[in-house]
Number of protein chains: 2
Amino acid sequence: MLSKNTVKFIKSLHQKKYRNSSQRFFVEGEKSVLEVLNSNFLTETLFATDQFLEKHERFLLKLDLEVQEVTQKQLESMGSYQSNDMALALVKMKENLPIRPEEEEWMIALDDVRDPGNLGTIIRIADWYGIRKLLFSSQTADFYNPKVIQASMGSFCRIDFSYGDLLSWLEKYQGPVYGAFMDGENVHGFQKIQPGVLVMGNESNGVSKAIENRVSQKLAIPSFGQAESLNVAIATAILCDNLKRLENYA
Amino acid sequence: MLSKNTVKFIKSLHQKKYRNSSQRFFVEGEKSVLEVLNSNFLTETLFATDQFLEKHERFLLKLDLEVQEVTQKQLESMGSYQSNDMALALVKMKENLPIRPEEEEWMIALDDVRDPGNLGTIIRIADWYGIRKLLFSSQTADFYNPKVIQASMGSFCRIDFSYGDLLSWLEKYQGPVYGAFMDGENVHGFQKIQPGVLVMGNESNGVSKAIENRVSQKLAIPSFGQAESLNVAIATAILCDNLKRLENYA
């Protein structure tokens, strides 16, 4: 039996302050729930319909997991999906550990990317391009926000991330620091590039002045038309694509 | 004085059937309203706060335009923006004219892209890359949906588009037809490319079978990680960036 208190607790996790105080978040939908069960995140409780439990019975038997059978209606009342006939996982947040760079490795640093949809999309892009380490300024959207988890399409399970003071992190970092700027050097003009950190800035203000001073190479996406700018997730995708191309095909 | 009937009429334009029957749509916010006033769309009525009217007085004097001064609250009750202290324009839809291709020109064709946010973002990307002609299958999201207008960030004013039967259009088209496919040829491996039509498919199902048969070159975005796919707007951006690079820098 699903208790009222459990429903109330899961609902509270829509808000950052309750996620932080309980150190818990939730993951919804068949694909994302399977991904989180397969990851190094610790799932405490799985709420699932009999449809999900039947379909994934053999996989679930291998896991040591508290399972509560619930109805579609109950799932929808707890989570943020309008329609969820499968599952919702209650998961422990990870400790915020520092990111340790290795040589010749791409990383992405987000300087106050505020929109959860953008953050989730950037996580998915990083995963596509095999970039596993992400640094987030403390004003960047919350990784555990249900919209971030949803937009990342399971990729949130496959990256390492750390929130903290970007500037002091970059001051200690030895490798090249790239950043996206309207007045940067045309990324199509490069012949090769050395892996390093790619800094992407805030939706309205771009990269902050303090961080800009730590950027060793400003990059720009060439424009051929009249749009004034690109969305930050779109710009991240285009730059990652160019950087990986230059690393692998140039 | 803003009449109740006017408010009711603008509100009805949130729905496609009323946009179609009246052949009108609305544009919100300072930037987009200024763009539409500067474009070849015909604005019938401008609803604006005294703040907007004062700030843009000299520009507005040059236009032959019916203007109604309204409050911020009235703007917000008519439109879809939570916060709009500037303006809303009531605009006539354009006639759905066929797109006539020219030689050596890039175009984008959308085969059932259903999400208005994706469509708006793709319009903004097309405008960034100077691609002015877009073809939409009849099941593609409605160009005049407020979410499309908003996501395009003013770029909706700078493209030509046509809804219709993609397949019969492509059957008459003489140039190369490119399409985004998971099993396509790695776009990073090309040395040059001839301008043509880039077909992007539906969010869940990709390019339909019938259209696939008309594609002369399948393209793929190389993956370096584990994400299964990319969002269609992200994929459009990456492909446009590669195609324009190959055209201009290869």
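This is a predicted model: local features need pLDDT of at least 70, side-chain atom pairs count only at pLDDT 80 or more; totals for chains, interfaces and linings use all residues.
**View 1. Domain 1 and domain 2 of chain A.** The domain assignment places residues 4-92 of chain A in domain 1 and residues 107-248 in domain 2. Between the C-alpha centres of domain 1 of chain A and domain 2 of chain A the distance is 30 Å. Domain 1 of chain A brings 14 residues to the contact, and domain 2 of chain A brings 12 residues.

**View 2. Area buried between domain 1 and domain 2 of chain A.** About 1200 Å² is buried between domain 1 of chain A and domain 2 of chain A. Carbon and sulfur atoms account for 61% of that area. On the side of domain 1 of chain A, the most area is lost by Arg19(A), Glu35(A) and Phe41(A), which together give 36% of what that side buries.

**View 3. Polar links across the interface of chain A.** Two salt bridges are found between domain 1 of chain A and domain 2 of chain A. Glu35(A) and Arg158(A) form a salt bridge through their side chains, at 2.6 Å from N to O. Four residue pairs are in polar contact between domain 1 of chain A and domain 2 of chain A, counting pairs with both residues at pLDDT 80 or more.

**View 4. The side of domain 1 of chain A that touches domain 2 of chain A.** At least two residues of this side come from each of helix H2 (16-22), strand E1 (24-28) and helix H3 (30-37) of chain A. By class, this side of domain 1 of chain A holds six nonpolar, five charged and three polar residues.

Note on methods:
Residues are numbered from 1 along each chain as its sequence is written. Chains are lettered from A and ligands numbered from 1 in the order in which they are written. Side-chain values use heavy atoms; hydrogens and water are left out. Domain bounds come from an automatic or database domain assignment. Contact means heavy atoms within 4.5 Å. Buried area is the accessible area (1.4 Å probe) that two parts lose on being put together, summed over both. A salt bridge is a side-chain nitrogen of Lys or Arg within 4 Å of a carboxyl oxygen of Asp or Glu. A polar contact is a pair of N or O atoms within 3.5 Å; within protein, one must be able to donate a hydrogen and the other to accept it, and residues adjacent in sequence count only if both atoms are side-chain atoms. Helices (H or I, at least four residues) and strands (E, at least two) are DSSP runs, numbered from the N terminus. Ala, Val, Leu, Ile, Met, Phe, Trp, Tyr, Cys and Pro count as nonpolar, Asp, Glu, Lys and Arg as charged, and the others, Gly among them, as polar.
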